[in-house]
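We will go stop by stop.

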Amino acid sequence: ASATSKTKSTRSVSSIKNAEFLPLPGSLTIPTTRRTISFQPDVKAGTIIYSSSLVEERVYRNLVFNRGQCHNNPNYNSFIDGHTLNNVFDRYSTWDPYWEVQNDLSLYKINGFSVGYKTSAIELPNKYSECPPLSALEIHFQIGDLARLLKRGPFNKDHGELRLMLRALPLVVPEKYKKLRSDTHLWPKGTFVQFNNVPISISQRKQQSHDHKLWKGMCYMHDLTNDALRVVNPSAKHKIEICTKDADAYNFQLAICSYVPPEVLVERCIGDGPNSLTKLSFEEGCALMKQNLGEKDAVVIDDSDGENDTAIDPSSIYLTCSLLCGVSMSAIKVPVRGKRCKHMQCFDLANYLHSNSTVSGGRWRCLVCEDFVPVQDLMIDGFIAKILEDHGSDVNSSRDKVEIYRDGTWKFLSENRLKYSTKRSSTSDLPDSKRSKTESNVQAQAEVIDILDD
């Protein structure tokens, strides 16, 4: 296969294959019922705030919404099936590979078919306040014998550790989010959650006091394990009730998930199994480099770091890459970049997976071009791997650059240098009159020095 065709395949690194959900046949419908839920007010208990993160505290309210399928108005549907449900499941596994679903407790089963939950529009929302609740959701579930798989206590981040996780995704990603964040878990604006009528605290975006339409902050999935295991009877029925200030439709998933540490993901990626990353051989990596350079699509990281500018024909130098990873600032061990990235610069696989295991605003951004790159869209570059094999042990903060030429050869530079730096003769031995004049000229010609560490 050519280097180009190799980069087009996409595989999941998850060890669990997502189920394929079929659409409900036209003859099978979920009847619509009007539901009234009593939501507790925003409260503070000690240092914990049970809040929808509004500027104005939310008071106790009864909210009415429809549960079921409403063909006349999709806004009042509370379930998703078929392609929509499959798409949501794929997005969860793509953008959060650290959690693998073992048992989804939020699937509603009817006559052998499974459907997922979505938020449904609240009836007459405008009567409540200036910033009224706009959607609601109710999930009923049982843990049953699965309770034996869970353990109370803090999350230890052990491989295979099982936790009961609640998370959400918008059914349609708003355009304004696509360039701002990766498609990871996102609570609807102003989310308030109560478990068995008791409010629970979640970490979410907060409404801004200077602009009530603006919500900022990080969203974290909620670990419901300890709350659920407080109920002694494993066959007890539980309910989660949610209201939001968001008119957009969101899926909510409640599932027993197993944790996959970054180091385990690394082993999967570099292995030879069906979940491994695309690996370019030295020849394929070199061919892809020449192809990109020929199409003038490469991002030139640095083209002025030559070791001996008089000895090397500048026309033969096309680009300079760093052998340091931008995350750890240490030598790259497994060089990767996105399949759609148009630069040769790589970063280290393990560092990338470790840094993206925590929630941040820059999660899953390429360290070079800042495109969003999930783990299965990475590829290992055998061309850069060969350069690292030859020179990786000599890489440090003062020597990390390699010049790559159009013919596929390269040169590991002896040291990094300052851009525009030039030697100036010492003025200490000049007569006073000439030294004073020379020093004043040097001051007049002073300029900003750029360090090439991009």
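Two strands pair if DSSP finds at least two bridges between them. Helices (H or I, at least four residues) and strands (E, at least two) are DSSP runs, numbered from the N terminus. Residues are numbered from 1 along each chain as its sequence is written. This is a predicted model, in which local features need pLDDT of at least 70 and side-chain atom pairs count only at pLDDT 80 or more, while totals for chains, interfaces and linings use all residues; side-chain values use heavy atoms, with hydrogens and water left out.

**Stop 1: a strand pair.** Select residues 335-338, strand 21, and residues 378-381, strand 23. They pair in the antiparallel sense, over 3 bridges. Now pick glycine 338: its bridge partner is leucine 378, in strand 23.

Stop 2: Show 4 strands in the order 19-23-21-22. They form an open sheet with mixed pairing. Which strands are at the edges? Strand 19 (278-280) and strand 22 (347-348), each pairing on one side only.

**Stop 3: a loop residue.** Jump to leucine 134, in the loop between strand 9 (120-121) and strand 10 (135-142). Leucine 134 counts as partly exposed because its relative accessibility is 28%. Buried means under 20% relative accessible area, exposed over 50%, partly exposed in between (1.4 Å probe, protein chains only). Next, select leucine 63. It is 71 residues from leucine 134 along the chain, yet their C-alpha atoms are separated by 9.6 Å.

Stop 4: Select Arg91, Tyr92, Trp95, Asp96, Arg167, Leu169, Asp183, Thr184 and His185, which line the second largest cavity. A cavity is a set of points on a 1 Å grid over the protein atoms alone where a 1.4 Å probe fits but cannot get out; lining residues have an atom within 4 Å of a point. Helix 2 (82-95) and strand 11 (162-170) each supply at least two lining residues. The largest share, 3 residues, comes from helix 2.

**Last stop: the whole protein.** Zoom out to 9 helices and 25 strands. Buried residues make up 49% of the 454 residues.

How values were computed: 1 Å grid on protein atoms, 1.4 Å probe; cavity = no way out; pocket = protein on both sides within 12 Å on 5 of 7 lines; lining within 4 Å.
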